[in-house]
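User: Could you take a close look at the pocket region of this model, and at what packs around and behind it? I would like the cut-offs stated along the way.

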Amino acid sequence: MLGFLVRLLPFWVREPLIILVGTVFGVRILYMALVDGEGWVPAVIGAVFLLGAALRVRVVVHALRARRRPAPEADEVTEPAPSAPVAPAPVAPAVRRPAEKKPNAFAQAFFAIGLFAVIGGALWIEGKLPEDGTAATGASRPAACRLDEDEKLPGAYRSTPEAVTGADLCRALNRPELPELLGTPTERSVYASGTENTAPLTDRKVAQPEARVEFETYTVELSATYNQLTVAQYAKLTRYGDGRDARNLTVLGRPALLTSDHMMKIQFDLGSGEGASGPVEQGPLARTLAVAFDGKDRGGSYDLTVWSESGLLPEDSALVDIAEAVLPGITRGTRDQD
């Protein structure tokens, strides 16, 4: 239907319109393929659009040349002298000006049908391929970190100049190789965020930024607590509780402690009638690796926590590998803390 309406337009309106639309779409789709990394299928579609626009440019150029080609001038006839009788000159046949070559409507229709067939075939092939080639290459493209840029930092961050922000932690944690370190290389992150929180029970006086990256199997959280509690003191506190799963070790030359604890599960009824509010319940088991800020363990730590709704946990070595890959990449950004 659209192709029929386009063919009703005059030639000098229709062709420039097709060239403009084809060029804009072709350049945009190629940009998505080459710069945004959308894959080879959008690149083929963009190239088809640009090729179609180039063919229409050629048609327009031929039409312009045909319109501007001057008609051949008739030879001037010299009048004979009045004294000499002359035989009548033969009449030269009229030279016909070549008719302007008009674009073939059938060719345009077949071109449009072929173009849509190529696009449809490319989309069909893309649907049959693994999404973004993750299954073929084992690579994962992380989700973008969600940040609240307009939120003002709490006062605890102004009193702790060395404190990083949730954006800094999310930037370091949200790495392409994170699924492989977790043992799920074919997954891709579905959510990532960073927040500027404060430690509980501190009257908002201790900075505790957090970052979270979620996958289908695991959820990973990274936080930094700027208090005076050392990892060694934290290890002693675990002995008073159920510290059977606690392990002391060294990560990046710093004291570290592996512990296990259950997450909290809270259910709210928002008026939909599908659920009921209730007390805090015990959630899935989580494994946490606390790593001191420095080798001297002078207080404060990075806490890396992993859990899943199914209760599955990765090996402890996976948490150590993640910490060794992520912690050296934590750098303070340029966000204003005033």
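Analyst: What follows starts with the pocket, moves to individual residues around the strands, and ends with the core and the backbone.

This is a predicted model, in which local features need pLDDT of at least 70 and side-chain atom pairs count only at pLDDT 80 or more, while totals for chains, interfaces and linings use all residues. Residues are numbered from 1 along each chain as its sequence is written, and side-chain values use heavy atoms, with hydrogens and water left out.

The protein has 10 helices and seven strands, where helices (H or I, at least four residues) and strands (E, at least two) are DSSP runs numbered from the N terminus. Of its 338 residues, 34% count as buried; buried means under 20% relative accessible area, exposed over 50%, and partly exposed in between, with a 1.4 Å probe and protein chains only.

The largest pocket holds about 1,000 Å³ of space. A pocket here is an open set of points on a 1 Å grid over the protein atoms alone, where a 1.4 Å probe fits, with protein on both sides within 12 Å along at least five of seven lines, and lining residues have an atom within 4 Å of a point. Grid points are joined across faces, edges and corners, and the volume is the space filled by probe spheres set on the points. The lining comprises 33 residues, of which Tyr234, Asp261, Thr288, Asp303 and Thr305 lie nearest the centre of the pocket. At least two lining residues come from each of β2 (207-214), β3 (219-225), α9 (231-240), β5 (254-265), β6 (281-292) and β7 (301-307), and β5 gives the largest share, five residues. By type, the lining divides into 12 nonpolar, 14 polar and seven charged residues, with Ala, Val, Leu, Ile, Met, Phe, Trp, Tyr, Cys and Pro counted as nonpolar, Asp, Glu, Lys and Arg as charged, and the others, Gly among them, as polar.

Among the residues of the strands named above, Gln208 in β2 and Thr225 in β3 form a pair whose side chains are joined by a polar contact of 2.8 Å. A polar contact is a pair of N or O atoms within 3.5 Å, and within protein one must be able to donate a hydrogen and the other to accept it, residues adjacent in sequence counting only if both atoms are side-chain atoms. Gln208 counts as buried because its relative accessibility is 13%, and Thr225 likewise because its value is 6%. Contact means heavy atoms within 4.5 Å, and, leaving aside neighbours within four places in sequence, Gln208 is in contact with residues including Tyr157, Asn197 and Pro200.

Phe293 sits in the loop between β6 and β7 and is partly exposed, because its relative accessible area is 21%. Outside the four places on either side of it in sequence, Phe293 touches Ala224, Thr225, Tyr226, Arg254, Gly299, Gly300, Ser301 and Tyr302. The C-alpha atoms of Phe293 and Leu327 are separated by 9.5 Å, although the two are 34 residues apart along the chain.

Helix α7 (residues 166-173) is largely enclosed by the rest of the structure, because seven of its eight residues are buried: Gly166, Ala167, Asp168, Leu169, Cys170, Ala172 and Leu173. The cover over these buried residues includes α8 (178-182), β1 (191-198), β2, β3, β7 and α10 (316-326), and β2, β3 and β7 also supply pocket lining. Leu173 itself is in contact with Leu178, Ala211, Val213, Val220, Glu221, Leu222, Leu304 and Val326, leaving aside neighbours within four places in sequence.

Leu169 and Leu173 are also among the residues with the most contacts inside the largest nonpolar core, which has 37 residues. To this core α10 gives the most, five residues. A nonpolar core is a set of buried Ala, Val, Leu, Ile, Met, Phe, Trp, Tyr and Cys residues joined through side-chain atoms within 4.5 Å.

Two backbone details remain. Asp203, in the loop between β1 and β2, has a positive phi near 55 degrees and counts as exposed at 62% relative accessibility. Leu252, in the loop between β4 (247-251) and β5, has a positive phi of about 55 degrees although it is not a glycine, and is partly exposed at 38%. Most residues other than glycine have a negative phi.
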